[in-house]
Amino acid sequence: MAKQARVVVIGAGVGGVTAAALLAREGFAVTVLEAHVYPGGCAGTFYHKGYRFDAGATLAGGFQQGGPHQIAGDLLGIQWQIERVEPAWVIHLPERSITRWGEEAQWRDERAAKLPELRHFWGVQERAAESAWQFAARLPEFPPASLGDVARLATKIRPNLLPISPLALMSMGQLLNVLGVREPNARTFIDAQLLISAQTTSQHANALYGAIAVDLPRVGVYHPRGGIGNLARQVGEALTAHGGRLIYRHAVTKIVRRADKTFLLHTNKGNTFEAEIVLANLTPWALADLLGEGAPPALQREVQARPSTWGAFTLYLGVPNEALPTQAEHFQVVQALEQPLGEGNSVFVSMSSPHDTERAPQGMRAVTLSTHTAIAPWWALRESDPEGYQRRVEQYRDKLLDAAERVIPNVRQAAKLILPGTPSAFYRFTRRPGGMVGGFPLTSLFKVRGPQTGIENLWLVGDSIFPGQSTAGVTAGALRVAAEVARSVAYQRRAFPTPRRAESIG
Ligand SMILES: Cc1cc2nc3c(=O)[nH]c(=O)nc-3n(C[C@H](O)[C@H](O)[C@H](O)COP(=O)(O)OP(=O)(O)OC[C@H]3O[C@@H](n4cnc5c(N)ncnc54)[C@H](O)[C@@H]3O)c2cc1C
């Protein structure tokens, strides 16, 4: 084939736009089709009445040396516009407040004073996280999908993984039991952090993944200036600088695989795009919808068998600067130790940086509150009982504001603007079926999902593939997918020309 391989990426979430930019840098002719008018998806920032609210994600990790954002940024020539957040956040349990300092000595003193029950935990966690970060920085082909992947993966394994390998086989709950940690405050402290970074609590979360998940404050969390959406915006600029295109307001409505194995993508604007390679920054459910009867049987079985993932209920507040605490900018509030987390019992409260004047009218700050919620009750009520649905929105608004009182006294009076976001809003603005967000719970490292779809040259990217949720996680996934695409094109040389430039990305 004389022409260069055309790649279409469906969606400019952080995972999609990063994979797109990496492939454009490799010389592929890349077009990103984004349904919305700005990039970022769940890690996007939207304008409302003079505020720039972070829609979902508010804090980003992975900028440390060897972290996914650092690696992708270096490859793409991006100078990240970010500000380190210190302390990372404060966790308010009903009777204890713990500050997650990034600074080592402060964090050591804090945990010794506030979480003595976990004294044997931190040594194991930090050693495991350190070795796992080093392994992740070698961009392992995990989960492996071919013998070639296994061979490449094997070259990236080092002896320091051996002592932590038992953690790959156990849950965080089992690890805590082995270490004798039964005290409810200590367990809930770990659970609250796992819920936001592994989508499940210690009973089910894999211990090795969990060790990294609770390590984020130590390696550093950051505020992108102008809002978290600026991460995807900066990557989008790198994409165009490397010759790619990013087209907004174009939702892909159908993917057709033609007899010659190329793809035809239809959009809601009545346009069609041809491609040899397609990357879907989508959940498996959304991909199966777009393929319709063309969805491979394994993908159809997957979407029928998989339980739905979490949704989110959010509140966006405009609050005067003087009403906000100065101790930290991010908080997690747990209201009751004896109740399951999520559904308003665990609420993340994030404030725009006081130095970031772009985010709010003068003297004000943009605040995002969020909690995990099961999506089914929302949709059932929305369809059968609109008044009941409205009451539920109000109940959740009240639960989140009650939790926020712990951080912002008199928040109801102080807030000049309160805007709710339900799973149906996430569905509308990110097109994720049912408003399911955050990817799959990280329970077993041996059951994680890779980027394969069952159709050659059609790949998934985003938080449905390992390592899953977070801007850092989807960037790690994008690095892997871009490397796999480049490799598989080189392998199918007869079908595709060599990319314009052949610098390796993995
Ligand atoms: C409430 C909440 C809080 C969170 N907090 C954090 C946090 O603090 N830190 C963190 O790192 N992570 C956080 N996350 C997780 C993080 O936001 C996500 O894991 C990550 O942003 C997902 O990226 P993605 O690449 O999967 O793309 P998505 O965010 O799913 O974006 C997909 C994009 O594709 C577009 N699209 C979808 N369908 C189509 C179509 N048919 N045609 C064209 N375009 C389409 C959408 O418009 C969207 O822009 C949070 C998530 C939520 C919901």
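In the predicted model, strands S10 and S11 form a hairpin with 5 residues between them. Within its turn, lysine 261 has a positive phi of about 75°. The two strands, S10 (residues 252-257) and S11 (residues 263-267), run antiparallel and are joined by 5 bridges. Valine 252 is placed opposite threonine 267 of S11.

Strand S11 also pairs with strand S12 (residues 272-275); this pair is again antiparallel, with 4 bridges. Leucine 265 has phenylalanine 273 in S12 as its bridge partner. S11 and S12 likewise make a hairpin, here with 4 residues between the strands, and glycine 270 takes a positive phi near 80° in it.

Leucine 265 and phenylalanine 263 are also among the residues touched by valine 278. In soluble globular proteins, nonpolar side chains tend to be buried together.

At the level of the whole chain, three segments of the fold are assigned as domains: domain 1 (6-82 + 226-306 + 438-491), domain 2 (115-215) and domain 3 (310-435). The centres of domain 2 and domain 3, taken over C-alpha atoms, are separated by 29 Å. Contacts between these two domains involve 9 residues of domain 2 and 9 residues of domain 3. On the domain 2 side, the touching residues comprise 4 nonpolar, 4 polar and 1 charged.

The ligand is surrounded by 40 residues, of which Gly11, Gly13, Gly15, Gly41 and Gly462 are the closest. By class, this shell consists of 18 nonpolar, 18 polar and 4 charged residues. Helix H1 (14-25), strand S14 (311-320) and helix H17 each provide at least two residues of the shell.

Conventions: Residues numbered from 1 in each chain as written. Predicted model: local features only at pLDDT ≥ 70, side-chain atom pairs only at ≥ 80, totals over all residues. Contact = placed C-beta atoms within 7 Å. Near = placed C-beta within 6 Å. Nonpolar A, V, L, I, M, F, W, Y, C, P; charged D, E, K, R; others polar. Pairing = 2+ DSSP bridges. Domains from an automatic or database assignment. Lists of a residue's contacts leave out its neighbours within four places in sequence.
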